[in-house]
Amino acid sequence: MYSMNPSFVIQFVDYYLKNFKDAFSTDGNVFSKVFENNIINRIRPVAKKLTVDKILVLLDKIAYWCFKEQKNEIGQENICDIIMKYNEYQDDEVQFLYLVDACLQARILRETTSGGKYRFVDKNILSYFVARELIRIWNDNLDDSDLINLIKYIRYGINANIILFVTYLTDNLYLIRNIIDSTLKYTEDWLPFNAIDVNVPYLA
């Protein structure tokens, strides 16, 4: 997964929507499955006390916290709060040490030099888990406010990658249509993307 520029993401989403049946059965679906399997294969051998699904869901929520707080690091207290809310909602008993140890061993999270703080090992993995949580929020509540903000500020940070992952991971045509319509609305005054001429304002 590469750091995609906003213009590429817009073109990709538009192409994906117009060629949905072919894209879902080939490129997009293959990419998402390969990426997902790579993560699952990291987690499975070290998921001694928790199921892989539980770890994935909690990583979704940890990534979403980082996204909403606009922080690269998350502290132990914040992770414990996420686990507590998860346990209350799911009537479960996930423990902090079991989750974090598995994520560290799986090389999904790493401990920072700040002490008691953690971050995702790379931005693509962070983007993937944020995208999963955004899709879940949409499916549960039809809330697209986070997606609209992502599109509005698509040129910043990892927003373009998150949008690309959302497109890869969902088969919801209505959601994809919303993404492309909102993207066109917020980028209608942009200069056309030129792969040869790199002197483009929003890539500078």
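**Entry 1. Helix H6 and the sheet**

I looked up how H6 is placed against the sheet, and I found that H6 lies across S2 and S3 and runs at about 105° to S2. For this angle, axes are lines fitted to C-alpha atoms, for helices over the stretch in contact, and angles run from 0 to 180 degrees between N-to-C directions. Contact means heavy atoms within 4.5 Å. Helices (H or I, at least four residues) and strands (E, at least two) are DSSP runs, numbered from the N terminus.

I note that this is a predicted model, in which local features need pLDDT of at least 70, side-chain atom pairs count only at pLDDT 80 or more, and totals for chains, interfaces and linings use all residues. Residues are numbered from 1 along each chain as its sequence is written, and side-chain values use heavy atoms, with hydrogens and water left out.

**Entry 2. The sheet itself**

I traced an open sheet of 3 strands in the order S1-S3-S2, with antiparallel pairing. The edge strands are S1 (74-75) and S2, each of which pairs on one side only. Two strands pair if DSSP finds at least two bridges between them. I found 3 bridges joining S2 to S3 and 2 bridges joining S1 to S3. Arg 110 has Arg 119 of S3 as its bridge partner, while Gly 75 has Lys 117 of S3.

Which residues of S3 belong to the covered face, and which to the uncovered one? I recorded Tyr 118 and Phe 120 on the covered face, and Lys 117 and Arg 119 on the uncovered face. In a regular strand the side chains alternate between the two faces of the sheet.

Thr 112 is found in the loop between S2 (109-111) and S3.

Is Thr 112 buried or exposed? Thr 112 is buried, with a relative accessible area of 9%. Buried means under 20% relative accessible area, exposed over 50%, and partly exposed in between (1.4 Å probe, protein chains only). Leaving aside neighbours within four places in sequence, I found Thr 112 in contact with Glu 73, Lys 117, Tyr 118 and Arg 119. A polar atom of the Thr 112 side chain lies 3.2 Å from the backbone nitrogen of Ser 114.

**Entry 3. The nonpolar core**

I looked up the largest nonpolar core, and it has 51 residues. Such a core is a set of buried Ala, Val, Leu, Ile, Met, Phe, Trp, Tyr and Cys residues joined through side-chain atoms within 4.5 Å. Among the elements that each supply at least two residues of this core are H3 (27-43), H6 (96-105), S3 (117-120) and H7 (123-141). H4 gives the most, with 11 residues. In soluble globular proteins, nonpolar side chains tend to be buried together.

The residues with the most contacts inside the core are Ile 43, Leu 99, Phe 120 and Phe 129.

Why is H9 described as largely enclosed by the rest of the structure? I found that 10 of the 11 residues of H9 are buried, so H9 is largely enclosed. The buried residues include Asn 159, Ile 163, Phe 165 and Tyr 168.

In helix H4 I looked at Lys 68, which counts as partly exposed at 46% relative accessibility. Lys 68 and Asp 146 are 78 residues apart in sequence and 8.8 Å apart in space, C-alpha to C-alpha.

Most residues other than glycine have a negative phi. I noted Asp 91, with a positive phi near 55°. Asp 91 sits in the loop between H5 and H6 and is exposed, with a relative accessible area of 72%. Leu 142 has a positive phi of about 55°. Leu 142 is in the loop between H7 and H8 and is exposed, at 61%.

**Entry 4. The whole protein**

Finally I recorded 10 helices and 3 strands, following the pattern α-α-α-α-β-α-α-β-β-α-α-α-α along the sequence. Buried residues make up 46% of the 204 residues.

Definitions and conventions:
A polar contact is a pair of N or O atoms within 3.5 Å; within protein, one must be able to donate a hydrogen and the other to accept it, and residues adjacent in sequence count only if both atoms are side-chain atoms.
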